[in-house]
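Biologist: Let's go through this one label by label. For each term, I want the value, the cut-off and the conclusion.

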Amino acid sequence: MLKSVFNFLLFSSIYVALCAVMVIWHTNTVLGLDYPVRTYCSFVFAATICSYNFHWWLTPTTNEHSHRLIWGGRHRNLQLALGLLGLAGAAWFVWPLRMHWMALGVSIVLTALYTAPKLPHRPFLFLRKIAIAKTLFLALVWTYVTSVMPIWIAHHPLDANAWIFLLHRFFFTYASCILFDERDLESDKREGIRSLITFLPEHTRRNLYYACLIVAAGCAAMLYPFAPGILVSIMIVPVLLLAALTGTAKRNHSDYLYYFGLDGLVMLAPVLHLLWLWL
């Protein structure tokens, strides 16, 4: 089947790393940030491949209906190799950014904490029982790496427009993460991973999800006139598409829909923004 969809994990890890780089470009362009962009994007690209592959390398193959887990179970050596390759690349590109050690250190600690509950040792197993805000934490990590850290490194002031942009980015990402957590609800329970989503009743989860989408769209609208009307519209489009795909995502738990479709919505605004600039 298209060579296991271009070697599923290899392609998906590069895909997510590309998403991160595109979102960083979008942040830089909207806020007008000035810093060593190429070096930072290279670091994030390599670090994303590293963390992504190690995270799934540590994930046991428990769900026989998941193409991702089936593929990962058959290619664990490739996962490990990609993780080590990403680690080497991240180490190479982090050195020129060493003067920003505090911002980088925070990102490394946050990323490690997200994957730590996958480790089969007592101190890390304990994290599964207290990781109530797993979904919230993932959205915060993504927002920090793709938006907060570029602002920090560029010494850009956290003015009202920057805060509004960060809130838009966070709430849109959080809404997407809620869909992923709802899909993984049963497997998380089996693995003993506790999250806010496992505790909330369905109607509360639904209200929280749509509230996040409304706030994300509202924050994008509030960026006008700081951002041109067309750019504001571009930022709202992925929010509307995610709302439109909600029913399909709840019925269809396909890895391809989630890891390529829903993940792809994260970089849709940057792609549309880039096309707008070219045209």
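**Labels and their grounds**

Modeller: Start with E182: its relative accessibility is 17%, and it counts as buried. Keep in mind that this is a predicted model.

Biologist: Why is E182 called buried?

Modeller: Buried means under 20% relative accessible area. E182 has 17%, so it counts as buried.

Biologist: What makes E182, R205 and K250 one network?

Modeller: Salt bridges with shared partners join E182, R205 and K250. The side chains of R205 and E182 meet at 2.9 Å, N to O. That pair links distant parts of the chain, with R205 in helix α11 (residues 202-222) and E182 in helix α8, 23 residues apart. The side chains of K250 and E182 meet at 3.7 Å, N to O.

Biologist: How do you know that the contact of K250 and E182 is a salt bridge?

Modeller: The cut-off is a Lys or Arg side-chain nitrogen within 4 Å of an Asp or Glu carboxyl oxygen. K250 and E182 are at 3.7 Å, N to O, so the pair is a salt bridge. The structure holds two salt bridges.

Biologist: Next, V145 in helix α7. Why does V145 count as buried?

Modeller: V145 has 15% relative accessibility. Buried means under 20%, so V145 counts as buried.

Biologist: Which residues does V145 touch, leaving out those up to four places away in sequence?

Modeller: V145 touches I24, Y40, V44, S107 and P150.

Biologist: What makes the nonpolar surface patch?

Modeller: W101, M102, V106 and W152 make it, at about 430 Å². Patch residues need over 30% relative accessible area. W152 has 37%, so it passes that cut-off. Helix α5 (residues 101-115) gives the most to the patch, with three residues.

Biologist: Over to H155, in the loop between α7 and α8. Why does H155 count as exposed?

Modeller: H155 has 67% relative accessibility. Exposed means over 50%, so H155 counts as exposed.

Biologist: How do you know that the bond of Y224 and P225 is cis?

Modeller: Omega is about 10° for the peptide bond that joins Y224 and P225. Most peptide bonds are trans. P225 is in the loop between α11 and α12.

Biologist: Which residues line the largest cavity?

Modeller: The lining residues are V23, H26, H168, R169, F172, M235, P238, V239, V266, A269 and P270. Elements that give two or more residues are α1 (2-31), α8 (160-183), α12 (229-251) and α14 (268-278). The space in this cavity is about 90 Å³. The structure holds two cavities of 30 Å³ or more.

Biologist: And the chain as a whole: how many helices and strands are there?

Modeller: There are 14 helices and zero strands. Of the 279 residues, 47% are buried. Among contacts with a separation of 6 or more, 76% come from residues 24 or more positions apart. The chain exposes about 13900 Å², and carbon and sulfur atoms supply 71% of that area.

Key:
Residues are numbered from 1 along each chain as its sequence is written. This is a predicted model: local features need pLDDT of at least 70, side-chain atom pairs count only at pLDDT 80 or more; totals for chains, interfaces and linings use all residues. Side-chain values use heavy atoms; hydrogens and water are left out. Helices (H or I, at least four residues) and strands (E, at least two) are DSSP runs, numbered from the N terminus. Buried means under 20% relative accessible area, exposed over 50%, partly exposed in between (1.4 Å probe, protein chains only). Contact means heavy atoms within 4.5 Å. Accessible areas come from the Shrake-Rupley method with a 1.4 Å probe; for residues, only the protein chains shown count as cover. Patches are made of residues with over 30% relative accessible area and no salt bridge: like charges are joined within 9 Å, nonpolar side chains (Val, Leu, Ile, Met, Phe, Trp, Tyr) within 5 Å. On a 1 Å grid over the protein atoms alone, a cavity is a set of points where a 1.4 Å probe fits but cannot get out, and a pocket is an open set with protein on both sides within 12 Å along at least five of seven lines; lining residues have an atom within 4 Å of a point. Grid points are joined across faces, edges and corners, and a volume is the space filled by probe spheres set on the points.
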